[in-house]
Amino acid sequence: MEEGTKEWGITAREVEVLELVILGKTNKEIANALIISEHTVKNHLSRIFHKMNVTDRSQIIALVYKRILNSERIDI
């Protein structure tokens, strides 16, 4: 995910949040895992949404998986 995070300008902490979102964690679960408040999780997600030009978690997941699939595509 490192290549994409540079493109989107996502911080190291936002990457941690993003990885947990991709794993399907709730805001509360993310807050507990990173020892931050749910409000802070919401702030991180808002910035991630803006940087990645998406409006919700499903769009984030779709975008990340699309990038993964495109990077692993091989020509036969």
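Which residues are exposed on the other side of α4? Before I answer, please keep in mind that this is a predicted model, in which local features need pLDDT of at least 70 and side-chain atom pairs count only at pLDDT 80 or more, while totals for chains, interfaces and linings use all residues. Residues are numbered from 1 along each chain as its sequence is written, and side-chain values use heavy atoms, with hydrogens and water left out.

Helix α4 covers residues 38–52, helices here being DSSP runs of H or I with at least four residues, numbered from the N terminus. The buried residues of α4 are V41, H44, L45, I48, F49 and M52, where buried means under 20% relative accessible area, exposed over 50%, and partly exposed in between, with a 1.4 Å probe and protein chains only. Seen down the axis of α4, these buried residues fall within an arc of 140°, taken from the directions from the helix axis to the C-beta atoms, so they line one face of the helix. On the other side of α4, the exposed residues are H39 and H50, which answers my opening question. N43, also found in helix α4, is partly exposed, with a relative accessible area of 32%. After α4 comes N53, whose phi is positive, near 60°.

Let me turn to a pair of helices. The axes of α2 (residues 12–22) and α5 (residues 57–71), which are lines fitted to C-alpha atoms over the stretch in contact, come within 10 Å and cross at roughly 95°. The two helices are therefore roughly perpendicular to each other, a term for angles of 65 to 115 degrees.

Terms used:
Axes fitted to C-alpha atoms, helices over the stretch in contact; angles between N-to-C directions. Parallel < 35°, antiparallel > 145°, perpendicular 65-115°, else oblique. Expected span 1.5 Å × (residues − 1).
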